[in-house]
Amino acid sequence: PRALRDAKVLVIGLAYKPNVDDCRESPAAEIIELLHKHGAVVNYHDPHVAEFEENGIVLTSSPLEPAAYDCVVIVTNHSSIDYAALVDSAPLVVDLRNATGRAGVRSDKVWKL
């Protein structure tokens, strides 16, 4: 196991629901803030949200490269994302939306909350 401090985390989906660009009341903002506070290096990928700025955190959507991170957290399950490929290349996936299960993907690397 790796400590959260200095861990590279990719948050998938900043929008509050799938396939939209609206971030109001999105749980991703709070998750990103909490990860930052605990020392994680956080990026996000969202095909619908190019930039994010809240509570002093300014980010732009990163390329979808799950293998470049220690953990990938699925917060919004956009339909354009290939979840089988994501699980294949990510070392660890925390799936908050059962996106992997809906895609028929089963793996010991996936944690569902």
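Q: Which elements each supply at least two residues of the lining of the largest pocket, and what makes a residue part of a lining?
A: In this predicted model, strand E1 (8–12), helix H1 (27–37) and E5 each supply at least two residues of that lining. A lining residue has an atom within 4 Å of a point of the pocket, which is an open set on a 1 Å grid over the protein atoms alone, with protein on both sides within 12 Å along at least five of seven lines. The largest pocket is lined by 15 residues, and Arg2, Leu4, Cys71, Leu92 and Val94 lie nearest its centre.

Q: Why is Ser62 called buried?
A: The relative accessible area of Ser62 is 13%, and buried means under 20% with a 1.4 Å probe and protein chains only, so Ser62 counts as buried. Ser62 sits in the loop between strand E4 (57–60) and E5, and, leaving out residues up to four places away in sequence, Ser62 touches Asn43, Tyr44, His45 and Tyr69, contact being heavy atoms within 4.5 Å.

Q: What makes strand E5 and strand E6 a pair?
A: Two strands pair if DSSP finds at least two bridges between them; E5 (residues 71–74) and E6 (residues 93–95) have three bridges, in the parallel sense, and therefore meet that criterion. The bridge partner of Ile74 in E6 is Asp95.

Q: How are residues numbered, and which pLDDT do local features need?
A: Numbering starts from 1 along each chain as its sequence is written. Local features need pLDDT of at least 70, side-chain atom pairs count only at pLDDT 80 or more, totals for chains, interfaces and linings use all residues, and side-chain values use heavy atoms, with hydrogens and water left out.

Notes: Helices (H or I, at least four residues) and strands (E, at least two) are DSSP runs, numbered from the N terminus. On a 1 Å grid over the protein atoms alone, a cavity is a set of points where a 1.4 Å probe fits but cannot get out, and a pocket is an open set with protein on both sides within 12 Å along at least five of seven lines; lining residues have an atom within 4 Å of a point. Buried means under 20% relative accessible area, exposed over 50%, partly exposed in between (1.4 Å probe, protein chains only).
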